[in-house]
Amino acid sequence: MAGELLQQAEKLPQAAAILLSPGSIFGVPQLGCALTLATGFLAWRHWRRRQRFSARLLWRVLARSRKLLCHPSTGADAIYYLINTFAIGGLIGWGLVSTDLVVTHVVRGLNDLFGPRLALAFPAWGLRACITLVAFLAYEFGYYADHYLKHKIPFLWAFHQTHHSAEVLTPLTVFRVHPVDTLIFANIAALCIGVSCGLFIWASGQPVTPYDLASANIISVLGFFLLAQLQHSQFWMPLRGIWGRMLLSPAHHQLHHSLDPAHHNCNLGSFIGVWDWLFGTLYMPPKASPRLRFGVEQAASAPHRLPALLLSPFAAAWRAVRRG
Ligand SMILES: [Zn+2]
Ligand SMILES: [Zn+2]
């Protein structure tokens, strides 16, 4: 039944798919889940403090969200959404290399070097579950490596700072990414996933594909539902202790956007905190919100206007190259 519904959702016209597809960040399923989680968290926090949680309080919080939606920074996020989704991503795509191409070359190369392997006697569902996890971890590693380089290399930071120039965080901010930034990320991610899955397929001796939902790895879809929407939001929802090392909660990512120098270059992962933990960039969020300010110190003169959004990163990158 669920499978039939998903097939129907995939056939929907684009506008309806944006609203209804489980893979859409503007879809009712993801937004509804984020709102339910945020409401549940607020109610739980009030219950722990023995305070009353009422519908009026929730309305006050949502009214504040309305103010954020009218901020010029959110308008710029929306422009970036249109440019990235429909103009560039829709017309030319992002991949110089595709995951499938990398997988094919890795499997062929390993077969030439070591010869083909016998098919593993393992249930098909088990192999699919394993490669789903492998692809997810490879994506997360690619995200971390790409993000780390963009914070360390001035030429790459020139493009990545577009994302950090957001002064308020809403679910739209996830699209506030310069096309050059996206292009680099898409190819690093394709390489990481392609090499890992190619190795897995060769070792298992048979073609295996990850479980997906709406063309995305099913574990990533879980991340979209539980974390992605709230990472760019005003809801301070910290995970601490061992959970705060395993997963990057909304508060972790809000610290990543913070202007406070103590928070610079921290929490570089996407959904899992393991890579940050391993490489020493994890910053555990405190229980209470530390009143963060977002943006970049040396922003372009009009950081939310289209010319500054698109062109000033090239000038900044050129200055970085000249400085060596
Ligand atoms: Zn960043
Ligand atoms: Zn962000």
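**Entry 1**

I began with the terms: a residue is buried if 20 or more other C-beta atoms lie within 10 Å of its own, exposed if 12 or fewer, and partly exposed in between. I note that the model I am reading is predicted.

I looked up Arg291 first. Arg291 is exposed because 8 other C-beta atoms lie within 10 Å. I found Arg291 in the loop between H13 and helix H14 (306-323). Its phi is positive, about 55°, although Arg291 is not a glycine.

I then turned to Asn265, which is also not a glycine and has a positive phi of about 60°. Asn265 sits in the loop between helix H12 (250-256) and helix H13 (274-279). I counted Asn265 as partly exposed because it has 13 C-beta neighbours inside 10 Å.

**Entry 1. The protein as a whole**

I recorded 14 helices and 2 strands in the protein. Of its 324 residues, 33% count as buried. I also looked at contacts between residues at least 6 apart in sequence: 71% of these join residues at least 24 apart.

**Entry 2. Helix H9 and what follows it**

I checked the length of H9 against expectation. Its 26 residues should span 38 Å at 1.5 Å a residue, and its end C-alpha atoms are 37 Å apart, so the two values agree. Just after H9, I noted Gly205, with a positive phi of about 70°.

I followed the chain to Thr209, which lies in the loop between H9 and strand E1 (212-213). Thr209 is partly exposed, because 13 other C-beta atoms lie within 10 Å. I also looked up the separation of Thr209 and Ala135: these residues are 74 residues apart along the chain, and their C-alpha atoms are separated by 9.6 Å.

**Entry 3. H6 against H9**

I reminded myself that two packed helices are described by the angle between their axes and the distance between the axes. For helix H6 (residues 99-114) and helix H9 (residues 179-204), the axes come within 8 Å and cross at roughly 40°. Are these helices parallel or oblique to each other? With that angle, H6 and H9 are therefore oblique. I noted that their crossing is right-handed.

I listed the residues that meet. From H6 they include Val102, Val103, Val106 and Leu110, and from H9 they include Leu191, Ile193, Val195 and Trp202.

**Entry 4. H7 against H8**

I next examined helix H7 (residues 124-152) and helix H8 (residues 154-164), whose axes come within 6 Å and cross at roughly 105°. This angle makes H7 roughly perpendicular to H8. Leu149, Lys150 and His151 of H7 make the contact with Leu156, Trp157 and His160 of H8. By class, the contact of H7 with H8 has 3 nonpolar, 2 polar and 1 charged residues.

I asked how many residues of H8 are buried. I found 8 of the 11, so H8 is largely enclosed by the rest of the structure. The buried residues of H8 are Leu156, Ala158, Phe159, His160, Gln161, Thr162, His163 and His164.

Note on methods: Residues are numbered from 1 along each chain as its sequence is written. Chains are lettered from A and ligands numbered from 1 in the order in which they are written. This is a predicted model: local features need pLDDT of at least 70, side-chain atom pairs count only at pLDDT 80 or more; totals for chains, interfaces and linings use all residues. Axes are lines fitted to C-alpha atoms, for helices over the stretch in contact, and angles run from 0 to 180 degrees between N-to-C directions. Helices (H or I, at least four residues) and strands (E, at least two) are DSSP runs, numbered from the N terminus. Angles under 35 degrees count as roughly parallel, over 145 as roughly antiparallel, 65 to 115 as roughly perpendicular and the rest as oblique. A crossing is left-handed if the near helix is turned anticlockwise from the far one by less than a right angle, and right-handed if clockwise. Two residues are in contact if their C-beta atoms, placed from the backbone, lie within 7 Å. The expected span of a helix is 1.5 Å times one less than its number of residues. Ala, Val, Leu, Ile, Met, Phe, Trp, Tyr, Cys and Pro count as nonpolar, Asp, Glu, Lys and Arg as charged, and the others, Gly among them, as polar.
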